[in-house]
Protein chains: 2
Amino acid sequence: MLFKTVAIVGVGLIGGSLGAALKDRRAAERVRGIGYRTETLQQAMQLGCVDDTTTDAAEGVRDADLVVLATPVRLIPRKAREIAPSVPSGCLITDVGSTKKLITEQLDAIFGGRARYVGSHPMAGSEKHGAANAICDLFDGALCIITPTARTDRDATRLVAQMWQAVGARITEMSPDEHDRRVAFASHLLHVASSCMVNVQSRGSLACASSGFADTTRVAASDPQLWRDICLDNSTEIAAAIDSLQGELGAFKALIEKGDADGLLRKFTQAAQTRRAWNKHRPA
Amino acid sequence: MLFKTVAIVGVGLIGGSLGAALKDRRAAERVRGIGYRTETLQQAMQLGCVDDTTTDAAEGVRDADLVVLATPVRLIPRKAREIAPSVPSGCLITDVGSTKKLITEQLDAIFGGRARYVGSHPMAGSEKHGAANAICDLFDGALCIITPTARTDRDATRLVAQMWQAVGARITEMSPDEHDRRVAFASHLLHVASSCMVNVQSRGSLACASSGFADTTRVAASDPQLWRDICLDNSTEIAAAIDSLQGELGAFKALIEKGDADGLLRKFTQAAQTRRAWNKHRPA
């Protein structure tokens with residue numbers, strides 16, 4: 001087995017699914033769920049996501065060889081500070097946050113030379129949340145971005161990558177900065193725009209909404225706090241991505257107002273070709 | 001049976017599915033497919049979408065009691081002019097175009113007192129096209145907007161509504177102006193925005209794209225010509241909808257740059273609540 005004891009702090013959709021997957025693929029001898037609500041922890045245990053549970057984070061990590069911080073983004077540094085004094089020396093630490101630059105700076109400072117931190121961002125999940133929705137194949141074929149820095153222990157990076165591969169994810173590596181820049185466009189911008197597309201609707205237009213609206217705005221039903229925190233954490237990159245989108249919308253609007261048929265056809269064709277090519281090369 | 005002979009001009013995804021559904025629900029004694037490519041027509045017949053076919057539109061509508069114009073938006077007035085001299089007096093005419101104001105003005109003028117035109121917009125379909133993708137339950141539970149004007153024959157409106165209900169659609173009625181205004185927000189804007197969200201990506205960000213990108217940009221893979229034409233046809237309303245979206249994106253950007261946590265939470269919460277409520281009341 002890859003690990004003896006994996007402690008997962010936060011057993012929601014991602015943490016719960018990871019626990020279930022680690023057990024299913026026999027990648028850990030024991031998976032421990034750490035949380036602050038006994039009910040949630042018991043549910044996760046009943047659903048087979050974890051082997052044992054505790055509400056005492058400091059105690060729960062004492063014998064772990066890997067700790068996964070799977071709480072919402074804003075709680076990750078707080079939980080890291082809570083466990084830092086009791087993690088075993090050399091313990092492997094990762095998180096599953098959707099932003100990486102700030103978290104990496106903070107966690108590197110918190111764990112220092114004591115534990116070995118490597119950031120992860122599994123691109124899986126949905127607008128659902130909670131261990132009740134956890135599934136052991138959530139990461140099958142999903143992309144997981146690992147974000148080591150120049151200071152990161154190479155063995156730690158390799159082990160964290162192996163953990164994600166064990167649960168079925170495809171791995172790619174980039175710096176936390178590069179991650180935040182790319183993911184601002186590929187994910188964060190789309191969440192903001194999706195929420196905007198919902199907010200501009202009227203009762204009358206919603207009554208005419210159909211499958212196009214359903215798909216395009218599905219992610220707008222996601223947890224508002226989580227997305228607020230992601231926007232605050234990755235503000236510079238997301239603001240730049242919004243600028244880009246506004247520029248492109250302005251270009252479409254100008255073509256529409258000019259009645260420029262060729263220009264519009266070029267824009268729609270560019271999008272359709274890019275989207276179809278992406279779909280074709282998408283593994284999952 | 002509701003109709004003796006239904007002539008469908010254009011047997012693509014929508015026309016082909018409508019033919020298959022009318023036959024499946026026994027709403028028409030005969031369904032005739034009219035198109036300009038023999039291959040396409042033969043495929044539609046082999047797939048059971050139509051009973052007979054012709055490439056001669058004027059001839060094909062001569063014994064029809066209902067003609068459905070199911071071509072792309074820009075061809076609808078052209079096909080209407082082509083069949084106008086040979087449609088039987090009092091013949092029922094509808095179309096399935098995604099815009100209604102310009103089409104209704106043009107078709108009312110073309111058919112005058114001779115045939116009875118009522119506009120339809122079945123909100124069904126996908127990024128796929130062609131009779132090869134036709135399915136007889138495409139309209140099951142889908143919304144179909146019917147757009148009679150003060151000049152429209154009431155019996156004609158009732159019969160066209162019955163036709164759509166026979167193939168499983170839910171009916172709502174509004175004026176062509178109201179339709180174009182509402183659908184600009186509920187559908188056309190989302191197609192434009194979705195294409196913009198694809199066009200602002202880089203190779204690096206596309207490599208990080210995941211299920212959120214897949215859903216949010218699914219409609220960007222749609223037929224570029226079709227969407228160019230819809231933008232040209234409904235330009236004023238779509239430009240106004242783009243303005244609204246840009247305003248809301250600007251509001252998000254300002255909150256992100258100010259680090260206004262409460263303001264962002266309110267915006268994301270408004271979107272999540274609206275989106276979840278819509279999902280709950282959505283019949284299909």
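1. The phi angle of Arg26(A) is near 50 degrees, a positive value in a residue other than glycine, and Arg26(A) sits in the loop between helix 1 (13–24) and strand 2 (28–34) of chain A. Helices (H or I, at least four residues) and strands (E, at least two) are DSSP runs, numbered from the N terminus. In the other chain, Arg26(B) has a positive phi of about 55 degrees although it is not a glycine; Arg26(B) lies in the loop between helix 1 (13–24) and strand 2 of chain B and, with 10 C-beta neighbours inside 10 Å, counts as exposed.

2. A word on the source: this is a predicted model, in which local features need pLDDT of at least 70 and side-chain atom pairs count only at pLDDT 80 or more, while totals for chains, interfaces and linings use all residues. Residues are numbered from 1 along each chain as its sequence is written, and chains are lettered from A and ligands numbered from 1 in the order in which they are written.

3. How many residues of chain A are in contact with chain B? There are 73 residues of chain A in contact with 73 residues of chain B, where contact means that the C-beta atoms of two residues, placed from the backbone, lie within 7 Å. Among the elements that give two or more residues to the side of chain A that touches chain B are strand 8 (143–147), helix 7 (176–199) and helix 12 (261–281) of chain A, and helix 7 of chain A gives the most, with 15 residues. By class, this side of chain A has 40 nonpolar, 23 polar and 10 charged residues; Ala, Val, Leu, Ile, Met, Phe, Trp, Tyr, Cys and Pro count as nonpolar, Asp, Glu, Lys and Arg as charged, and the others, Gly among them, as polar.

4. The axes of helix 7 of chain A and helix 7 (residues 176–199) of chain B come within 12 Å and cross at roughly 170 degrees; axes are lines fitted to C-alpha atoms, for helices over the stretch in contact, and angles run from 0 to 180 degrees between N-to-C directions. The two helices are therefore roughly antiparallel to each other, a description used for angles over 145 degrees, whereas those under 35 count as roughly parallel, 65 to 115 as roughly perpendicular and the rest as oblique. Leu190(A), Ala193(A) and Met197(A) make the contact with Leu190(B), Ala193(B) and Met197(B), and the residues of this contact divide into six nonpolar, no polar and no charged.

5. The largest nonpolar core has 188 residues, and those with the most contacts inside it are Ile8(A), Val67(A), Ile8(B) and Val67(B). Such a core is a set of buried Ala, Val, Leu, Ile, Met, Phe, Trp, Tyr and Cys residues joined through C-beta atoms within 7 Å. Leaving aside its neighbours within four places in sequence, Val67(B) is in contact with residues including Ala7(B), Val61(B), Val87(B) and Ile93(B).

6. In chain B, an open sheet of six strands has the order 3-2-1-4-5-6, with parallel pairing; two strands pair if DSSP finds at least two bridges between them. Strand 3 (52–54) and strand 6 (116–117) of chain B stand at the edges, each with a single partner strand, so one side of each is left without a neighbour in the sheet. Six of the seven residues of strand 1 (residues 3–9) of chain B are buried, so this strand is largely enclosed by the rest of the structure. Six bridges join strand 1 of chain B to strand 2 (residues 28–34) of chain B, and Val6(B) has Val31(B) as its bridge partner there.

7. Which way do the residues of strand 8 of chain B point? Leu143(B), Ile145(B) and Thr147(B) point one way, Cys144(B) and Ile146(B) point the other way, and all are buried. Strand 8 of chain B pairs with strand 7 (residues 119–122) of chain B in the antiparallel sense over four bridges, and with strand 9 (residues 170–173) of chain B in the parallel sense over four bridges.

Methods
Buried ≥ 20, exposed ≤ 12 C-beta atoms within 10 Å, placed from the backbone.
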